[in-house]
Amino acid sequence: MDKPYINEVEALLKVSNITYTIVLKNLAIGKGSVLDKYMHQLINGKYLPYDKFFANVKFNPISSLDLLRWIYNVDWDKNFINETIEIGGSSTVTVQEMYRLYKKTLYPNADVKSILLPHFIMSMVFQQAYHIHKEDVIEFKRLMEREYPIDNTSWKNTMLFSFTPLAEVIKLDQ
């Protein structure tokens with residue numbers, strides 16, 4: 001998420017007398033998303049090198065389609081004027097749990113062996129093992145370093161909304 005920059009952006013909008021709503025989302029999932037591409041590559045490999053720090057990052061992935069549906073259903077003339085709100089999916093998961101959900105949903109018979117590595121070795125081994133484009137690795141790491149669980153309280157009392165379960169999102173977007 002881009003939360004570290006929000007105060008400066010809000011200040012600029014206020015000084016400029018611009019009516020705004022800033023929506024910060026957790027990692028979006030769906031066909032072609034960074035997370036989707038990354039998970040497919042991991043599962044299609046023979047080995048899964050990982051480090052505990054990365055595997056334990058918590059976040060609330062949201063379906064890209066749920067995010068669009070949510071945006072469409074907000075009454076922007078009445079709600080969230082001059083506010084910053086956060087939205088994430090309904091489930092808080094770790095990267096490791098997300099990997100297991102992808103594997104269980106799409107590749108239940110995949111035989112992938114997990115290998116725990118020290119954090120400093122992880123990047124070198126990972127890029128070599130999966131031939132993932134350096135830009136994709138950098139983008140995914142950047143996303144994961146800034147992700148955190150979201151409880152959706154800033155908007156839940158204003159509007160009703162139901163999220164698509166993650167397993168269903170993964171299955172439908174293939």
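Mentor: The discussion below sets computed values against the cut-offs that give each term its meaning. Please keep in mind that this is a predicted model.

Trainee: What does the protein contain in helices and strands, and how many of its residues are buried, as a percentage?

Mentor: There are nine helices and eight strands. Of the 174 residues, 41% are buried.

Trainee: Why is the pair of W70 and W76 called edge-to-face?

Mentor: The structure holds seven aromatic pairs, and W70 with W76 is one of them. Two rings pair if their centres lie within 6.5 Å, and planes over 60 degrees apart count as edge-to-face. The centres of W70 and W76 are 6.0 Å apart and their planes stand at 80°, so the pair is edge-to-face.

Trainee: What makes the contact between R69 and D66 a salt bridge?

Mentor: A side-chain nitrogen of Lys or Arg must lie within 4 Å of a carboxyl oxygen of Asp or Glu. The closest N and O atoms of R69 and D66 are 2.8 Å apart, so the term applies. Both residues lie in helix α4 (residues 64-73), three residues apart, about one turn of the helix. An α-helix has 3.6 residues a turn, so residues three or four places apart point the same way. D66 is buried at 2% relative accessible area, whereas R69 is partly exposed at 32%.

Trainee: Why is the pair of K78 and D75 called a salt bridge?

Mentor: The closest N and O atoms of K78 and D75 are 3.9 Å apart, and the cut-off is within 4 Å, so the pair qualifies. K78 counts as exposed because its relative accessibility is 66%, and exposed means over 50%. D75, at 31%, counts as partly exposed.

Trainee: How many salt bridges are there, and where do K113 and D111 come in?

Mentor: The structure holds three salt bridges. K113 and D111 form one of them, with 3.2 Å from N to O. K113 is partly exposed at 42%, while D111 is exposed at 54%.

Trainee: How do you know that S33 is buried?

Mentor: S33 has a relative accessible area of 11%, and the cut-off is under 20%, so S33 is buried. S33 sits in the loop between β2 (28-29) and α2 (34-43). A polar atom of the S33 side chain lies 3.1 Å from the backbone nitrogen of D36.

Trainee: What is the span of helix α5, and which of its residues are buried?

Mentor: Helix α5 (residues 95-106) has 12 residues and reaches 16 Å from its first C-alpha to its last, close to the 16 Å expected. Its buried residues include V95, M98 and Y99.

Note on methods
Residues are numbered from 1 along each chain as its sequence is written. This is a predicted model: local features need pLDDT of at least 70, side-chain atom pairs count only at pLDDT 80 or more; totals for chains, interfaces and linings use all residues. Side-chain values use heavy atoms; hydrogens and water are left out. Rings of Phe, Tyr and Trp (its six-membered ring) pair if their centres lie within 6.5 Å; planes under 30 degrees apart count as stacked, over 60 as edge-to-face and the rest as tilted. Helices (H or I, at least four residues) and strands (E, at least two) are DSSP runs, numbered from the N terminus. The expected span of a helix is 1.5 Å times one less than its number of residues. Buried means under 20% relative accessible area, exposed over 50%, partly exposed in between (1.4 Å probe, protein chains only). A polar contact is a pair of N or O atoms within 3.5 Å; within protein, one must be able to donate a hydrogen and the other to accept it, and residues adjacent in sequence count only if both atoms are side-chain atoms.
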